[in-house]
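Please look over the structure shown here before reading on. The notes that come after it are meant for someone meeting this structure for the first time.

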Amino acid sequence: MLNAKALKKTVDYREMIDVLMSDKVFADKVLNNGNVVNVLTRKTYKADIAIKGEYILLVGDCKELIGPETEVVDVSGKYISPGFIDSHMHFESSMLTITEFSRLSIPSGTTTLIGDPHEIGNVLGAIGMKAMADEASVVPNHVHLPVPALTPDCPALETAGVDVTSNDMDDLLNYPNVIGIGEFQGFSNAKHVYRNTPEIVSDLVASSVYASSIGKIVDGNAPELFGRELAAHIVACAGECSDHETTTKAEAMEKLDQGVYLFMREGSTQRNMAECIRAVTEEGYDSRRCILATDDMVASDLETKGHMDDIVQRTIKEGVDPIEAIQMATINAATYFGFKDRGVLAPAKLADIAVINDLNEMTIDSVYLGGKLVAKDGKLLIDLPKYTYPDSVKNSVKRGPVSLDEITIKSDKNRVTARCIECIPDENLTGGIEVELKVENGIVVGDLSKDVNPIVCIERHGRTKGNVGKTFVTGIGLKSGAIAESVSHDTHNIIATGSNHEDIVVAINRVIEMGGGLALAKDGKVIDELALPVGGLITDELDGHEVSAKISQLEKLAKEDLGVKIHGPFMHLSFLSLSTSPKWKITDKGLVDVNNFEILSPIVEK
């Protein structure tokens, strides 16, 4: 017996056949006389597109399908493309709910989002991921979640709010809107994970094999992996995976050679597409497994720069043919995820369509979801209900205020050699250097003349006796005051940096008091803030436009009042705790040498 979904599709398809084969019923809508972008043949040609209900009826000459009630939309001179797919992103990085992210992204032609709830999973486990999956059901666009198979990614090096293992996979992978397993960060550092925590490898393989057995995808995460280590990572992902952590042409070439789907990342602060695409433009690699994705975007970029339309346009500027670039945001992604109903303009496919004014500049005229006009000239035309999360995913900060004594590094010397993380613009990779620093009143202090600031990571989940990781950082550019936030990948403890320890304490304690969020402090006072009540990661109290404006205000204040020189400072800071990404990071357990899978002292003993 057919279920309700299959029964509806049966009725819809039968009605479509009636329109196509009889002369008594007609299309609901026809986009007339446009230039169709055919991502199957990489061609454009003049044609119409007829729509019945949610689906495309015909691409071609549709005049015989036009009846007295048919809405005819003249798209002469415009290009008709499948709606765009963002194949790997995190709603939490935008600090927006799914609803509010959709509000900002739909007008830019993005009709499908693959949102990895890795961040809320680290904080709240299944409760948080299921709450996000529930919200995915209320938005008009298509939202799918690949869930983490392991939290934390490096149990020996960091503390998450909840531990997720293979024991959780049956429950999570069969939950509505869950598409598979998200980025396989637990085996990113393949050599050291295998040597030091082999039990994690066994657990991850159990999860990936189960996911594959029920037809679910497994996303990889393989930064700087080559040869045997890359092969081991692919095997651990059950034999087929993606990777969005590729940063060099050589890495891109090897991954494509080995059958990996190359997710070329181009977000707000991590921009790797220009390097990855050289495998295609310079070495002639087939682009069918090249896919565009953002990974992490801030709300203000979504509103002012666009979403996948902007990423496609950037790809074109790297020398890629416009149709080939569109393939990387449509059919290539649909093929990887097994979406049979989208990613291409053809009969029986969903009428998810982006109408484009200029193919090279990727200016979006209008957007259709399931045949319905939902955006025009950058404006959303439909109402999105405000979504409020349940109390079960709030109040996630489980520790009291910090003291100055907790966050400082002590020494009985006059000067010390300290280890310092190098923040690299537009990367989540970091460097590591040693610097000479002064000791004042028994406390090692930063050196503003060398752009060296203290940085700390505070365990906030209440699972330790108050772990505090401490070291120094260069590259942020802080000249005064401090920044603190409860967004710090991937375990999302509180991370903070500043020109002085006193302001760092003020900023951290305001984040704790808010139950999570962002805080700026200067001269012993909080000068601005944003509360993030949902898991300390997201706000459901403001709409997307309000969050965009607030983030822009905070970034402006950080630059003008605190002297921050790096763009997107909150996102750059949040990645300085990512313990799976080389070289040095800071977690609640200390300074992590990612490449060697160990905790380093912040002071070099001589």
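The model is a predicted one. Thr474 belongs to strand S22, which covers residues 468–474, and the largest pocket holds about 670 Å³ of space.

**Thr474 and its surroundings**

- Thr474 has a relative accessible area of 12%, and because this is under the 20% cut-off, Thr474 counts as buried.
- Leaving aside residues up to four places away in sequence, Thr474 touches Cys420, Ile421, Glu422, Cys423, Ile433, Lys450, Asp451 and Val452.
- One of these residues, Asp451, has its backbone oxygen 2.8 Å from a polar atom of the Thr474 side chain.
- Thr165 is 309 residues apart from Thr474 along the chain, and the C-alpha atoms of the two are separated by 35 Å.

**The largest pocket**

- The largest pocket, with about 670 Å³ of space, is lined by 21 residues, of which Lys5, His142, Asp341, Arg342 and Leu350 are the closest to its centre.
- Helix H1 (4–21) and strand S8 (142–147) are the elements that each give two or more residues to this lining.
- Sorted by class, the lining of the largest pocket consists of 7 nonpolar, 6 polar and 8 charged residues.

**The second largest pocket**

- The second largest pocket has a volume of about 350 Å³, and among its 16 lining residues Leu104, Pro107, Glu303, Gly378 and Lys379 lie nearest its centre.
- Two or more residues of this lining come from each of helix H3 (98–105), helix H13 (299–304), strand S15 (363–369) and strand S17 (379–380).
- The lining of the second largest pocket divides into 7 nonpolar, 5 polar and 4 charged residues.

Definitions and conventions. Residues are numbered from 1 along each chain as its sequence is written. This is a predicted model: local features need pLDDT of at least 70, side-chain atom pairs count only at pLDDT 80 or more; totals for chains, interfaces and linings use all residues. Side-chain values use heavy atoms; hydrogens and water are left out. Helices (H or I, at least four residues) and strands (E, at least two) are DSSP runs, numbered from the N terminus. Buried means under 20% relative accessible area, exposed over 50%, partly exposed in between (1.4 Å probe, protein chains only). Contact means heavy atoms within 4.5 Å. A polar contact is a pair of N or O atoms within 3.5 Å; within protein, one must be able to donate a hydrogen and the other to accept it, and residues adjacent in sequence count only if both atoms are side-chain atoms. On a 1 Å grid over the protein atoms alone, a cavity is a set of points where a 1.4 Å probe fits but cannot get out, and a pocket is an open set with protein on both sides within 12 Å along at least five of seven lines; lining residues have an atom within 4 Å of a point. Grid points are joined across faces, edges and corners, and a volume is the space filled by probe spheres set on the points. Ala, Val, Leu, Ile, Met, Phe, Trp, Tyr, Cys and Pro count as nonpolar, Asp, Glu, Lys and Arg as charged, and the others, Gly among them, as polar.
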